[in-house]
Amino acid sequence: MAMSREQILEQIQDVLIEALGVDDDEVTPEATLMGDLGAESIDFLDIVFRMEKAFGLKIPREELFPAEALMGSEEFVADGKLTDKGLEELKTRMPHSDLSKFEADPQVSKIGDLFTVEVLVNFVELKLNA
Amino acid sequence: MRWIWIDKFVEFNSGKNAVAIKNVTMAEEHIHDHFPGFPIMPECLMIESMAQTAGILVGESGGYAEKVILAKIKKAVFFHYAQPGDTLEIHAEIESIAEEAASTKGKIMRGEEMVAEIDLMFSHLDNNIGGKEFPEENFVFTDLFSVVLRNSGVPGPKMEYMK
């Protein structure tokens with residue numbers, strides 16, 4: 001299925017408007033799902049289910065939102081920050097995200113900010129072109 | 001005590017859809033006050049009736065191993081009042097299901113008339129994202145639900161006194 005980035009963004013915006021009850025002008029590419037749009041844990045699954053439907057894809061949640069998988073491990077997290085190894089792991093698992101800013105201060109509490117509307121668009125684009 | 005808001009299943013297709021009925025009656029005391037002189041089934045209880053219908057459908061698909069808990073009301077729109085004497089048909093279908101959760105779509109009908117549209121999400125507690133632990137016993141699917149299922153001819157979870 002050939003879809004432009006713009007078309008993908010439009011669909012993602014619809015998904016988020018429905019799933020989170022937000023207004024269309026709030027769903028900018030830079031908006032963070034948790035901080036700006038108020039998503040909670042169950043909403044992430046709602047978003048995954050709706051995206052699967054919208055794009056006809058099978059989306060394992062840990063692929064789109066892989067950060068949780070790193071949390072339990074001492075190898076990846078120390079003193080509330082991701083270790084170098086943890087950062088590498090996150091980069092491998094999140095090719096759909098730009099981690100350059102986060103790298104400077106990889107606090108676990110800021111991982112939520114990585115999940116933006118744009119990251120969802122990137123993810124779908126990668127999946128559709130895979 | 002659990003308040004059960006469905007009387008019987010009239011259709012049950014494992015992993016797909018189910019239809020339960022709820023007979024609204026004047027014998028339900030809360031209806032006397034909701035509202036005085038104008039008895040109607042509270043809409044929040046219609047949501048609960050959908051949560052029970054859809055929740056059992058989700059639970060059954062996993063052999064009642066999961067603790068299936070209502071996690072999100074995605075949509076709840078009401079078009080008509082449900083009054084004593086009404087037989088409500090609660091139609092639920094599984095839309096998506098994963099290890100951690102399930103999403104369902106549903107409508108409540110009175111004959112040909114649509115009373116409500118209710119879409120829900122359920123969390124499977126033991127696979128919750130936060131990694132929290134809960135008691136081992138399945139406190140969601142209690143004996144009362146088993147009775148409703150058995151009376152409907154649908155196999156339910158094993159009842160406590162039979163274990």
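**Group meeting: domains, chain contact and a strand run**

Let's start with chain A, where the domain assignment gives domain 1 (1-60 + 115-130) and domain 2 (66-112). Those bounds come from an automatic or database domain assignment. This is a predicted model: local features need pLDDT of at least 70, side-chain atom pairs count only at pLDDT 80 or more, and totals for chains, interfaces and linings use all residues. Residues are numbered from 1 along each chain as its sequence is written, with chains lettered from A and ligands numbered from 1 in the order in which they are written.

The C-alpha centres of domain 1 and domain 2 of chain A lie 21 Å apart. Eight residues of domain 1 of chain A and four residues of domain 2 of chain A make the contact. Contact here means C-beta atoms, placed from the backbone, within 7 Å.

Next, chain A against chain B. Chain A puts in eight residues, chain B 13 residues. On the chain A side, helix α2 (residues 41-55) gives the most, with six residues. Helices (H or I, at least four residues) and strands (E, at least two) are DSSP runs, numbered from the N terminus.

Now the strands of chain B. Strand β4 (residues 87-97) and strand β5 (residues 101-110) of chain B pair antiparallel over eight bridges. Pairing requires at least two DSSP bridges between two strands. A92(B) stands opposite G106(B) in β5(B). Three residues sit between β4(B) and β5(B) in their hairpin.

β5(B) also pairs antiparallel with strand β6 (residues 113-124) of chain B, over eight bridges. There, I108(B) faces A116(B) in β6(B). What is the phi of G111(B) in the turn? Positive, about 60°.

Key: Contact = placed C-beta atoms within 7 Å.
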